[in-house]
Amino acid sequence: MDSSYNFLMHGDWGWNSFNQTLTSYEMAVYAWLVNAEFVIALGDNFYEDGVTDTHDELWDTAFHDVYASPALNVKWYGVLGNHDYHGNIEAQIDRSVVSGETMWYMPATYYSIDYELKDGGILTIVYIDTCLLDPYAKDTEDILNNANWVEERTNQLEWIDNTLAAAALKSNWIVVAGHYPIYSIGEHGDDQYLIDDLLPLLLDHGVHAYFAGHDHLHQHIYKDGLHHITSGNSAGRGPFDEHGYAYLGVSAATNQVLHWFLDCGFAITSVDKTHLNVTFVDNHGQVRYSASMGEPLNAKSFYDTTKLKGLGISPKMAGVIILVPVLALAVGLILYLGKDWYLNKDGKFDMSPKNISKSNPEEVLKSMSALTLRRKTESNKYTDDDYSDIDSSTWSNLDVSTDRLGQADMVDKETV
């Protein structure tokens, strides 16, 4: 991994549990091994009800004290989960600029970072607020009390669209990170709001992978060209009770699940200009799974296959516009150069044998096979008179063999 740019990610982590402690230890070990550049916090950062302010004790007891290893003293890029919405989400944003805070970073509820890779490539990660995109969850319904929530939701979707469009012109890899999965065989199942409104944007702009938490498991789903990675069980919560198991295994993407497990753990991402790999590690330090996220975008070329900026037309339509006159010109040139084959001396269309050159055996061969001539003669479509003015030397130079079914072999005696 020396030439790779590496980072860790995990979700549903701030629970002050024994499993969180185990996971944090293994995260520190692997962060040191791969020289992790940063960590992605995939939401539900502080249980049960988020934080109250920028100096809530959970900043220490559930974060700094647990992830105290120097190897984890890197930037933590956060997104909001539903449990974070129980508390003060502005406090998680404002914590980024608190004096002495060297790890936590969440400049807004959604934002984008371009990472320059070691070999010169670019990785773009778009961090989004899925709770606003799907505010109908029972524990985030307070969002609906905001008179401007529809406008704010629309603004975020437009921002995502524009941000991904810009990334596709410059980046080798594009990843989107949010809390809610789009597809999941976990306890919450698929999110129809994300399927309807977010997923088309990811597919349109060539996003390679979508990282999420929320469901307390690890899973890799590959559907419609997009990798769905869930790392949502860092602290060992659930699934609990009958509700927790209601949707396990139930998804529109059930048949596209490549790997999953319920144990606690985290994920490591390794990326360079040509490779993007995700590895699952459990909280006992065992590597459980690793997979490639496909092929990189050709920087500044993705929209060669989607739309041409400024023209308002797709490359396919542009190709048609260019191809039609080219084909017309080619057909015209062919017709002009080959006019002697289909025009008689009066300039009229004539494809009868009399209009074929009378003395060149090669032209006879190109026009029709001897077998065809014979069959047409036998069917009285043409008569011997049709060929009466063909040079006798032409026929004497041809040997016709019909030993192959449906085909005549013609051999020039002078060249054998």
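Good morning. I begin with Asn-35, which takes a positive phi of about 55° just after helix 1. Please bear in mind that this is a predicted model.

Helix 1 itself covers residues 18-34. Its 17 residues should span 24 Å at 1.5 Å a residue, and the end C-alpha atoms are 25 Å apart, which agrees. Which residues of helix 1 are buried? They are Gln-20, Thr-23, Ser-24, Glu-26, Met-27, Ala-28, Tyr-30, Ala-31 and Val-34. In general, an α-helix has 3.6 residues a turn, so residues three or four places apart point the same way.

I turn now to the aromatic rings. The count comes to 29 aromatic pairs. One of them joins Tyr-5 and Tyr-115 in a tilted arrangement, with 6.2 Å centre to centre and 45° between the planes. Tyr-5 belongs to strand 1 (residues 5-10) and Tyr-115 to strand 5 (residues 111-116), so this pair ties together parts that are 110 residues apart in sequence. Both Tyr-5 and Tyr-115 are buried.

Another pair, Tyr-105 with Tyr-111, is edge-to-face, at 6.2 Å centre to centre and 90° between the planes. Here Tyr-105 counts as partly exposed because its relative accessibility is 26%, whereas Tyr-111, with a relative accessible area of 6%, is buried.

These four tyrosines belong to a cluster linked by ring pairs, together with Phe-7, Phe-38, Tyr-77 and Tyr-127.

Finally, I come to charges over rings. Lys-223 lies over the face of Tyr-183, 5.7 Å from the ring centre. Arg-288 lies over the face of Phe-261, at 4.3 Å from the ring centre. Thank you.

Technical notes:
Residues are numbered from 1 along each chain as its sequence is written. This is a predicted model: local features need pLDDT of at least 70, side-chain atom pairs count only at pLDDT 80 or more; totals for chains, interfaces and linings use all residues. Side-chain values use heavy atoms; hydrogens and water are left out. Helices (H or I, at least four residues) and strands (E, at least two) are DSSP runs, numbered from the N terminus. The expected span of a helix is 1.5 Å times one less than its number of residues. Buried means under 20% relative accessible area, exposed over 50%, partly exposed in between (1.4 Å probe, protein chains only). Rings of Phe, Tyr and Trp (its six-membered ring) pair if their centres lie within 6.5 Å; planes under 30 degrees apart count as stacked, over 60 as edge-to-face and the rest as tilted. A charge sits over a ring if NZ of Lys or CZ of Arg is within 6 Å of the ring centre and within 35 degrees of the ring normal.
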